Amino acid sequence: MRASLLNLDYLLPEWIVCGTILVLILSYLLGTTDRRRLADLSVLGLVTALFFSVVTFFEPAVVGRVSIGNGLLQVDPFSQLFKILFLVSTLAAVLYSAGSVEIHGKRWMEFNCFLLGVTSGMMFLASSMNLMMVYLSFEMMSLSSYVLAGYTRGDPRSTEAGYKYVLFGAVSSGVMLFGLSLMYGLLGTLDMGLMAQRTALAQFPDLHLLLLPLTLVFVGLGYKIAFFPFHYWAPDVYEGSPTPVTAFFSVGTKAAGLALLLRLLLGTLSLDQTQAIPWAGDLLAFLAAMTMTVGNLAALNQANIKRMLAYSAIAHAGYMLMGVAVLNVAGAEAVLFYLFAYMFTNLGAFTVVVALFNLYQSEQVDELTGMGKLFPLASVCMAICLFSLTGLPPTAGFIGKFYVFAAVIQKGYFVLALVGAINTAISLFYYMRIMKAFYFREPKAEMLAAGPMPCGYNVLIASLTVPVLIFGICWSRLYEYCSTSISSLIAH
Amino acid sequence: MGSYLLTLMIFVPLLGAIAVLCVPSREEKVLKTVAASAAAVPLALAVLLFMQFDRGSTAMQFVERAPWLPAFNIEYYIGVDGLSVPMVLLTALLSFICTLASWNIEKGLKGYMALFLLLETGMMGTFCALDFFLFYVFWEVMLLPMYFLIGIWGGPRREYAAIKFFLYTLAGSVLLFLGIIGLYFWTTPHTFDIVRLAEIGKTRPQEWNPPFQWLVFIAFYIAFAIKVPVFPFHTWLPDAHVEAPTAVSVILAGVLLKMGTYGILRFNYPIFPEAAQFLAIPMAVLAFINMVYGALVAMAQTDLKKLVAYSSISHMGFVMLGIAAATVPGNPGAAAAVNGGVLQMFNHGCVTAMLFLLVGVIYDRAHHRDIYGFGGLAQVMPTYTGFVTLAFFAALGLPGLSSFISEALVFIGSFQAFMTITILGTAAIVLGAAYMLWTLQRVFLGEVNAKYAALPDLSPREIFCLTPLAVIVVILGLYPSPVLDLMNPSLTHLLTFFW
């Protein structure tokens with residue numbers, strides 16, 4: 001491990017994202033108010049950051065884990081993989097918002113700065129190795145996202161979303177902070193590397209004591225990832241937020257929460273110790289089962305496509321939690337793979353939602369009839385994404401489910417696997433409701449009047465859907481990267 | 001080419017689908033030609049396969065193997081034996097006929113043909129896959145086009161029928177999926193290789209003892225039973241068959257139903273022979289219910305297509321009875337039963353395809369299918385009546401036509417295994433004769449219905465679609481050996497799992 005205060009070059013992606021914020025503000029002050037120009041700038045920044053994240057992922061020094069700032073941050077394949085995930089979702093959100101009718105041109109710069117602010121918070125969170133740093137970056141991410149949720153001030157739904165998000169978020173942050181401080185008290189250090197050593201050496205008399213702080217932290221994260229029973233805010237916030245933000249929350253924020261959860265459970269408490277805590281796995285399994293069931297059942301009756309996808313996002317958090325619940329390497333790898341599959345799929349589906357909202361100002365499933373005829377490419381991509389969300393081959397979503405179920409069955413949680421399987425069948429029903437509207441019904445007369453889908457959206461939709469298919473057929477490389485990441489997390 | 005024969009057969013339709021998508025949709029002629037040729041290639045290859053297949057061997061033939069995901073031991077592993085070759089033949093034949101039968105599709109011809117060819121890829125792959133993971137992928141890939149084909153081109157209640165079909169099948173598939181993963185982890189070294197799993201299954205390993213064996217067997221059985229469909233999982237069938245467009249009903253009844261029984265023979269029996277033997281009687285009882293209940297419900301139908309749909313349930317019951325009887329230890333007729341069962345799969349595929357095509361013909365002309373709404377069609381459409389009579393007689397098991405042979409073999413084989421069930425089961429034949437003959441009488445005999453006095457007889461295209469099936473039905477009724485020889489070695493080998 002390369003330990004030094006000055007490995008700052010490894011944080012290049014973060015610097016670039018932060019720098020992009022400054023550049024955006026400066027160019028706005030210097031008179032560039034054109035949305036397109038600003039979007040070009042931020043896309044440029046994000047792509048560069050993405051490039052360096054990918055480069056650092058493969059760097060041998062990073063594979064050996066680079067410590068920064070006396071253990072405050074750590075750059076390892078695990079953190080880099082998550083950064084790639086965050087950056088891709090941010091990129092998608094920026095591109096969505098660049099053409100979105102929901103976000104007004106004049107305030108687009110602010111919007112974008114907040115978005116990048118959330119991203120940088122997430123990126124630091126993925127690298128945090130110190131509880132203080134964890135909390136700081138967690139709050140950086142949260143505070144900016146509260147603003148994003150309530151961004152369209154004129155829309156009461158958005159205001160409600162922002163307000164709800166702040167209230168729930170503040171409580172959950174508080175609970176989490178309490179948990180973190182208890183951990184500090186019990187283990188005598190804020191450094192997660194040291195914590196790992198202390199728990200691994202079993203100097204600690206009774207690991208059961210850790211159950212309380214862990215539970216509290218879990219509650220805090222549960223709000224962010226939207227687990228049962230901490231998911232109540234999610235549908236309202238997702239429905240009320242501007243659609244680009246919803247897409248971003250449903251992928252990026254969830255991923256950030258999972259990054260921290262995995263690092264805490266697998267990186268900080270060594271694996272066998274976590275398993276030694278009684279009921280931890282079973283409790284997580286129960287929550288996983290409840291999360292997906294609640295999400296799927298509630299989604300069945302949703303007529304609003306955003307709200308439906310919000311409940312679907314809750315259900316997917318449940319599937320991912322299945323992989324966490326097994327508390328082993330196979331499960332964690334499955335979660336990572338699942339996250340990647342879910343990211344492409346969900347962003348792809350949301351692109352279609354955004355594009356259609358721009359054209360029709362409608363989010364109602366039953367109003368969007370006959371889209372298959374009007375927008376063949378977008379509809380086919382939507383179909384592929386929905387099949388992937390259901391978990392049907394040959395899509396990435398299926399492979400993700402395969403890994404998760406494999407981990408669960410190997411561990412012997414048969415009931416959980418069965419619940420997951422039944423949920424898959426249930427989820428088909430509401431996803432296919434969208435397909436039914438798109439393909440089985442004729443377009444309404446007033447729908448025909450709207451112009452063609454902007455070319456940019458078609459490209460974006462296709463470029464998010466193609467990976468869904470590719471990773472459904474040749475996924476072994478991506479899985480290897482997930483494995484590398486998890487082993488960098490665990491090898492202490 | 002020999003070694004890539006199966007791969008070509010599976011993926012040429014997929015390439016055809018892509019080609020179809022590239023043709024502009026106003027060029028209907030080109031679309032149809034491309035689609036028909038993409039379906040003709042697998043048919044030609046299937047005939048080649050039929051000629052080249054080594055009838056003496058029980059091993060998998062035309063095997064192709066390549067690693068797909070080495071970390072999980074997942075392979076691209078395909079091959080055929082005597083069980084799958086008849087199914088592959090049936091799939092290739094019916095798919096080709098159906099592309100021709102779909103030439104009168106009016107809306108969205110391009111999408112229709114592309115989905116249809118994708119469906120063929122899924123079906124071919126399902127019958128050829130020897131890796132469980134691969135099998136599952138093809139099994140599910142088949143569902144997607146089917147959902148759209150029913151939902152977009154179906155009848156008035158198509159939305160309901162499509163989602164019902166999809167949900168039922170998916171519910172079964174996810175159970176199958178769990179079973180596959182469970183099986184994978186319960187073998188050392190972990191494997192998805194179906195041939196290897198069967199070898200392990202034959203030794204009846206200790207670690208597969210109950211409850212594991214039971215759970216997986218039942219998971220598989222439910223998945224396949226939904227497809228067959230076995231009572232009480234059959235309710236999707238009448239809806240889907242009735243709402244689907246003609247060609248899709250043909251594929252549903254002709255090929256997809258066979259996948260259920262194929263799955264039971266390919267997976268349940270060789271991998272879990274012990275559980276299969278133990279559950280022989282429940283399976284036979286379900287088969288009996290299918291046979292008689294299906295026939296009774298068919299008798300009550302007034303919609304011609306529904307009648308054919310329920311007759312499928314009844315006829316698949318014969319298959320189930322045959323394969324259930326094969327597992328009974330010491331049954332001297334086991335070989336006859338299982339051969340009869342698989343032959344019945346093939347024969348029912350041909351006969352029911354004819355029936356659905358014929359129903360489609362009349363529906364295209366009269367725009368309804370009410371059995372009581374016609375009358376005297378024999379005078380109006382003589383050629384049509386000839387084909388219908390042949391198909392109906394074949395369906396009711398008239399000696400000299402193909403179904404007679406397979407049904408007779410099933411009854412001979414199952415008599416000593418389940419005497420009561422077999423004797424009671426013959427009622428299904430009587431009932432079958434009853435509803436078939438009554439329908440014949442109501443639709444074709446009697447006074448000519450003035451409304452339909454001017455219906456045109458079969459067009460050359462329709463005759464072209466029906467003739468090969470009619471020829472097969474007659475030839476296999478008189479001389480079934482070409483198909484029986486094909487499957488007998490593999491099926492006899494399967495029986496060794498129970499001795």
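How do the residues lining the second largest pocket divide into nonpolar, polar and charged? They divide into 16 nonpolar, 7 polar and 9 charged, where Ala, Val, Leu, Ile, Met, Phe, Trp, Tyr, Cys and Pro count as nonpolar, Asp, Glu, Lys and Arg as charged, and the others, Gly among them, as polar.

The model is predicted, with local features requiring pLDDT of at least 70 and side-chain atom pairs counted only at pLDDT 80 or more, while totals for chains, interfaces and linings use all residues. Residues are numbered from 1 along each chain as its sequence is written, chains are lettered from A and ligands numbered from 1 in the order in which they are written, and side-chain values use heavy atoms, with hydrogens and water left out.

**View 1. The second largest pocket, with residues of chain B nearest its centre.** The volume of this pocket is about 730 Å³. A pocket here is an open set of points on a 1 Å grid over the protein atoms alone, with protein on both sides within 12 Å along at least five of seven lines; lining residues have an atom within 4 Å of a point. Points are joined across faces, edges and corners, and the volume is the space filled by probe spheres set on them. Of the 32 lining residues, Asn104(B), Ile105(B), Pro245(B), Thr246(B) and Asp364(B) lie nearest the centre. Two or more lining residues come from each of H5, helix H9 (236–243), helix H10 (246–271), helix H14 (334–366) and helix H20 (460–478) of chain B. H14(B) gives the largest share, 6 residues. Helices (H or I, at least four residues) and strands (E, at least two) are DSSP runs, numbered from the N terminus.

**View 2. The largest cavity, lined by residues of chain A and chain B.** A cavity is a set of grid points where a 1.4 Å probe fits but cannot get out. There are 9 cavities of 30 Å³ or more, and the largest holds about 80 Å³ of space. From chain A the lining takes Gly391(A), Leu392(A), Phe398(A), Lys401(A), Phe405(A), Ala421(A) and Thr424(A). From chain B it takes Tyr136(B), Leu170(B), Val174(B), Phe177(B) and Leu178(B). Helix H18 (396–411) and helix H19 (414–440) of chain A, and helix H6 (158–185) of chain B, each supply at least two of the lining residues. H6(B) has the largest share, with 4 residues. By class the lining has 9 nonpolar, 2 polar and 1 charged residues.

**View 3. The contact between chain B and chain A.** Counting heavy atoms within 4.5 Å as contact, the interface takes 32 residues from chain B and 33 residues from chain A. About 3000 Å² is buried between the chains, with carbon and sulfur atoms giving 84%; buried area is the accessible area (1.4 Å probe) that two parts lose on being put together, summed over both. The interface has 1 salt bridge, defined as a side-chain nitrogen of Lys or Arg within 4 Å of a carboxyl oxygen of Asp or Glu. In this salt bridge the side chains of Glu159(B) and Arg441(A) meet at 2.8 Å, N to O. On chain B, the elements giving two or more residues to the side that touches chain A are strand E1 (61–69), helix H5 (132–153) and H6. H6(B) provides the largest share of that side, 15 residues.

**View 4. A salt bridge within chain A, between Arg157(A) and Glu239(A).** The closest N and O atoms of the pair are 3.2 Å apart. Arg157(A) is in helix H7 (residues 156–187) and Glu239(A) in helix H10 (residues 233–240), 82 residues apart. Over all chains the structure holds 21 salt bridges.

View 5. Most residues other than glycine have a negative phi, and most peptide bonds are trans. His367(B) has a positive phi of about 60 degrees and lies in the loop between H14 and helix H15 (377–380) of chain B.
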